[in-house]
Each structure stands twice: as C-alpha cells, then as structure tokens.
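Hi,

Here is the structure I promised to pass on. Have a look at it first, then read my notes below.

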Amino acid sequence: MNKPRLVVIGNGMAGVRTLEEVLRLAPDHYRITVFGAEPHPNYNRALLSPVLAGEQSFEEIILNDLAWYTDNGIELLLGRNVVKIDRQRRQVIAEDGTCAGYDRLVIATGSTPSRLSIPGNRLDGVVGYRDIAGARAMIETARSHSHAVVIGGGLLGLEAANGLKQRGMDVTVVHLAEWLLEKQLERPAGEKLLRALQARGIRFRLGTATEELIDNGDGRVCAVQLQGGEIITADLVVMAAGITPNTALAEAAGLPCRHGILVDDTLQTYDPRIYAIGECANHRGISYGLVAPVMEQAKVCANHLAMLGFARYLGSPAETRLKLAGIEMLGVGDAPHPGQVQGMPGACPLHEWQIELASGEVVAWT
Ligand SMILES: Cc1cc2nc3c(=O)[nH]c(=O)nc-3n(C[C@H](O)[C@H](O)[C@H](O)COP(=O)(O)OP(=O)(O)OC[C@H]3O[C@@H](n4cnc5c(N)ncnc54)[C@H](O)[C@@H]3O)c2cc1C
C-alpha cells in the first residue's frame with residue numbers, strides 16, 4: 001500500500017522534534033521528506049553561544065546525526081532552500097528545482113535576525129546571529145580582526161558579546177534601552193548584570209541608537225556611528241535587535257500570516273493539509289522565540305499528523321535563561337513590567353524573576 005507523503009520544510013529544532021514524535025506515535029504511517037536550507041543535520045541552536053565562546057564544539061550540539069535520518073527512512077535534502085509551495089498540485093519546490101509532493105506539509109522555517117534599516121546595513125562584516133554559519137563567521141573574524149560592536153543588549157546580543165570577548169575581541173554593546181534585558185529585568189537587576197559584564201571587559205553604550213554603519217571604502221564595515229555623533233571602530237557588527245518569522249513561502253502560497261503563519265490550537269494553518277510550527281508560526285497572537293514552547297507545539301502537531309487527533313496547544317509561559325558561564329540568570333513567568341515580550345502583546349502579571357551573579361549574590365523579586 002502507498003503510504004501518505006509527509007514533507008517538512010526546515011530541518012531545525014521544531015521540524016525534527018515533530019518528526020521524532022510522529023515516528024514514536026505512528027512509525028510506519030508516512031513516507032517522510034525533509035528540506036533543510038542549512039547543509040547540516042539538526043543541531044541545538046540554543047547552544048550556539050557555547051560554541052561561539054569556545055566552550056563546546058559543533059559536533060557536541062548535533063541533536064540528530066545523519067544516521068538517525070537513514071535509520072528512520074527519512075529522505076533528507078540538505079542545502080535545499082524551498083522557494084515555492086504549490087497548493088493546487090500539493091508540491092514544494094526548492095531553488096535547485098527539486099520537487100516533492102505532499103499529502104501533509106509542515107512548515108518549520110524559523111525566523112531571521114531583523115536588520116536595522118540604517119545606512120550600511122548590508123556591508124561586509126555586518127552579520128546576524130542565527131546559525132552555525134554565522135557563529136563560524138564571527139569566530140573567523142575574531143582571528144584576524146580586533147573590534148566588534150553588538151547592536152542589541154537582549155539575550156542573544158549579550159551572549160554574542162560574551163562569546164566574541166572570549167575570542168579575544170574588543171567588544172562594545174550598543175543598546176537602545178537604558179538597561180540590559182529590559183524586557184526580562186527590572187532596572188536594578190539590569191544594572192547588576194551590566195556591572196558583571198563590564199568586569200569582564202565588555203563596554204556598553206546604553207540609551208543610544210545606532211545611526212549609521214561606516215564603509216571602509218572597500219565595502220566592509222569599519223565603524224559605527226551613534227546618535228549624537230560618537231564613532232566606534234568596528235571590524236564586525238552583530239545585529240541582535242530582534243527576529244522576524246520566516247513567512248514569505250506561506251504568504252506567497254496564500255496562507256494568512258500576521259507576524260507569523262496563523263495557526264489554530266492543532267498548529268494547522270488555513271489549509272487543512274498544512275501545519276506550521278516553531279518560530280515561523282503565530283498561535284493566538286504569539287510568535288514564540290524559545291525552545292520550550294516550540295517543543296510543546298511539536299508534540300501537539302505530531303498528535304494530529306499521527307491521526308490521533310486529541311491534543312491541543314493552548315500557549316506556553318515565557319522562561320528564559322542567559323547562558324554566560326559564571327552568570328546565572330533565569331527568568332520565569334511574564335515580563336516584570338507591562339509591554340511587549342518577544343511577540344507577546346499586552347501587559348502581563350508579574351511572577352518570579354531572579355538573577356544570580358558569579359559572586360553568588362542573588363537578586364529576586366515576585
Ligand atoms: C544564538 C541563539 C541562542 C538561543 N538560545 C536560546 C536559549 O537559551 N533558550 C531558548 O529557549 N531558545 C534559544 N534560542 C531560540 C531557539 O533556538 C529557537 O526558538 C528554536 O531553534 C526555534 O526552532 P525552529 O525550528 O522554529 O527554528 P530553527 O531552529 O531556526 O529552524 C528553522 C530551519 O529552517 C530552515 N529554513 C528556513 N527557510 C527554509 C526554506 N525555505 N527551505 C528549507 N529550509 C528552510 C532554516 O535554515 C533552519 O535550519 C536561541 C537562538 C539562537 C539563534
């Protein structure tokens with residue numbers, strides 16, 4: 001008997017977690033094909049910072065090696081960027097012309113670091129922090145260049161700054177808000193974190209906007225100009241000022257999107273044959289940028305793909321961890337002040353937050 005075809009676009013954490021669950025619940029139900037734009041098997045993206053800081057190797061953060069795909073009969077198409085979903089013919093088409101038909105399709109394309117729309121944002125040496133290629137580019141630059149500027153003092157920006165500092169670069173973080181992690185921390189805790197990071201030699205410009213990235217005359221960035229005119233030397237600029245869900249494919253296919261592909265409580269899109277999960281999805285107005293919610297979504301989606309049909313996803317609490325060796329910071333619950341947590345609209349009640357510095361001192365509040 002011909003098995004139905006399940007195609008997954010995106011060989012990242014959400015897509016592969018869904019497959020693991022489908023294989024557990026209905027091991028023989030589908031013929032499975034995965035398209036991955038990156039040339040690697042699935043790895044733990046949340047552990048890129050330890051790789052950047054030289055604390056772990058890339059091999060150590062691989063979650064599913066190539067043998068896992070083979071052993072489970074999955075056709076893995078690496079380095080294949082899908083450029084079109086043809087809903088009439090029920091096919092997906094990659095840039096190189098590879099085409100695969102589907103009975104069920106999962107879109108798990110993640111997101112892309114947002115690029116500030118300022119002059120010079122496309123110069124060489126201006127990078128986002130999203131994948132192992134980006135982390136390797138930063139490590140390579142740190143071997144031959146000295147000065148880095150990180151735009152954004154959120155979780156990713158601080159982890160990037162710490163990693164580059166560990167790699168021997170002179171690092172400055174430029175942050176629009178007046179204290180670090182302003183979406184997760186109250187001002188006193190943000191200021192303690194600032195002092196702990198300054199003690200590591202990282203410099204900061206807070207409450208400041210970046211106005212322009214300056215060309216060295218050869219198409220490469222050489223400096224950053226801040227509001228007010230200050231100029232900071234920069235051979236490398238890391239943009240860590242938010243993420244944008246990858247919805248272009250879905251939008252072109254006519255699926256409704258609003259800062260993420262709109263899904264219901266089963267992670268189904270407007271088209272009943274197509275699901276969307278992870279950072280590219282928008283569930284009840286929220287696009288999550290964290291692993292835990294993505295894993296919960298994967299379980300629910302798999303329950304429906306496996307034809308069990310009883311699970312529902314109702315949303316997840318926000319929990320964030322800053323991964324800098326020597327500084328423990330765990331945020332549990334909602335934002336400590338009204339506003340916008342990543343993709344999370346509206347004012348949130350206060351739960352419990354704490355920050356523990358290398359000295360052992362803990363700042364906590366409920
Ligand atoms: C540096 C860093 C540190 C992080 N740290 C933490 C942390 O400490 N805690 C935490 O909870 N979360 C953390 N996160 C977030 C976490 O990694 C993400 O929430 C999670 O990876 C989202 O999974 P996803 O599958 O939706 O997206 P991804 O893991 O990004 O996977 C999407 C995949 O789809 C591929 N793709 C995109 N478009 C196409 C296409 N057209 N065709 C084929 N393939 C395509 C991409 O190349 C990518 O491989 C971190 C993220 C980064 C970048």
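Two strands count as paired if DSSP finds at least two bridges between them. Helices (H or I, at least four residues) and strands (E, at least two) are DSSP runs, numbered from the N terminus. With that in hand, strand 10 and strand 16 pair in the parallel sense over 4 bridges. One spot to look for there is Ala-148, whose bridge partner in strand 16 is Leu-236.

Before going on, some housekeeping. This is a predicted model, in which local features need pLDDT of at least 70 and side-chain atom pairs count only at pLDDT 80 or more, while totals for chains, interfaces and linings use all residues. Residues are numbered from 1 along each chain as its sequence is written, and side-chain values use heavy atoms, with hydrogens and water left out.

Now the whole chain. DSSP gives 8 helices and 24 strands for the protein chain. Of its 366 residues, 51% are buried (under 20% relative accessible area, with a 1.4 Å probe and protein chains only). Taking contacts (heavy atoms within 4.5 Å) between residues at least 6 apart in sequence, 62% join residues at least 24 apart.

Last, a helix pair. Helix 1 (residues 13-25) packs on helix 8 (residues 291-305) at about 40°, with the axes 8 Å apart (axes are lines fitted to C-alpha atoms, for helices over the stretch in contact, and angles run from 0 to 180 degrees between N-to-C directions). That angle makes helix 1 oblique to helix 8, since angles under 35 degrees count as roughly parallel, over 145 as roughly antiparallel, 65 to 115 as roughly perpendicular and the rest as oblique. Residues making the contact include Met-13, Arg-17 and Leu-25 of helix 1 and Val-291, Ala-298 and Leu-305 of helix 8.

Cheers

Key
Buried < 20%, exposed > 50% of the residue type's maximum accessible area, 1.4 Å probe, protein only.
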